[in-house]
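Q: I would like to learn how to read a few features of a protein model. Could we take them one by one?

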Amino acid sequence: MHIKGTTKLLGIIGNPIEHSKSPLMQNAAIEGLKLDYIYVPFEVEKDDLEAVFNGFKAVNLKGFNVTIPHKENVIPLLTKITDTAKKIGAVNTVWLTDEGWHGTNTDIDGFIAPLKELNRDWCKIIPLVLGAGGASRAVIVGCEQLGCQEIRVIGRNIQKLEAFKNSFADSNLNCQISVYSWDKLTNLIPDSELIVNTTPIGMYPNIDNSPLKKEQNELIKQNAIAYDLIYTPRPTLFLQQAQKRGAIIIDGSEMLVQQGAVGFEIWTGKKAPIEIMRQGLFQ
Ligand code: NAP
């Protein structure tokens, strides 16, 4: 990477930030296309967000990603957010315009990209989404964009689940959200053609854990799609077991690459070199 007087800044804010793989992926793309940019990680405290936005503007930083815990916190600092970001209630990609900072959420694009490659009649599929946190929101809006009419969300705390469902009340989603407590999982698996794990169960270092018990794995339909948002390890135990049942498996790495690719294109105006970004992620 050759930093010159003309080099333009991109970055990512979060806390903690050292685990982020976005700098590897984005800088690989920048180098691959020989662009005059650099993408830098910034650890930012919530109370410093406004100062950071002002500082970024002062140094003409072109755009940045936002990760945990700031995806919701940044919204009041933006002049405009896309309808997609409004529906999710979270922003992960920000860019500087003449009118100020604009934001969107590209997690949905990332989530649905590998699903769009599969030839399925989405309006007949009722996805089963495990977990009701931040990523689950993007999964739900993504499933709605695919055309799913109903989405089942399962979680361990029914009050939180009801609040989660109600939080979509103003989002004008064209689908119904049903929420279930975790003890209903066994009954729901046999009907599910798309099961998405949005919980951290099975993520490194807890690689011997799975959101499904052994006997629940046996209920996964052949040709169902098992999707885990986790990308370390690849594949997770959940995906390994689903594959043994004849399911199509998708891990979280493609979501990460594709959400980053959309941001790269917004900031640089260039088509993202997807294969270089995939390689950069796991270098
Ligand atoms: P989050 O907001 O903390 O949500 C996690 C959800 O999982 C919550 O609903 C939580 O339930 C549930 N959960 C946690 N531990 C559980 C357990 N032992 N049993 C049952 N439910 C449990 O986190 P997030 O931001 O949504 O991220 C979730 C996962 O997605 C992480 O592994 C993250 O790395 C991954 N992710 C991947 C991508 C990608 O690009 N591939 C993007 C975003 C996130 P409670 O509400 O009851 O605590």
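A: First, the ground rules. This is a predicted model: local features need pLDDT of at least 70, side-chain atom pairs count only at pLDDT 80 or more, and totals for chains, interfaces and linings use all residues. Residues are numbered from 1 along each chain as its sequence is written, and side-chain values use heavy atoms, without hydrogens and water.

Q: At what angle do helix 1 and helix 11 pack?

A: Helices (H or I, at least four residues) and strands (E, at least two) are DSSP runs, numbered from the N terminus. Axes are lines fitted to C-alpha atoms, for helices over the stretch in contact, and angles run from 0 to 180 degrees between N-to-C directions. Here helix 1 (residues 22-32) meets helix 11 (residues 274-281) at about 135°, with the axes 8 Å apart. Helix 1 is therefore oblique to helix 11 (under 35 degrees is roughly parallel, over 145 roughly antiparallel, 65 to 115 roughly perpendicular, the rest oblique).

Q: Which peptide bond is cis, with omega near 5°?

A: Most peptide bonds are trans. The bond from Asn-15 to Pro-16 is cis. Pro-16 sits in the loop between strand 1 (8-14) and helix 1. Ile-68 and Pro-69 are also joined by a cis bond, with omega about 5°.

Q: Is Asn-172 buried or exposed?

A: Buried means under 20% relative accessible area, exposed over 50%, partly exposed in between (1.4 Å probe, protein chains only). Asn-172 is exposed, at 63%. Its phi is positive, near 55°. Asn-60 also has a positive phi, about 60°, but is partly exposed, at 40%.
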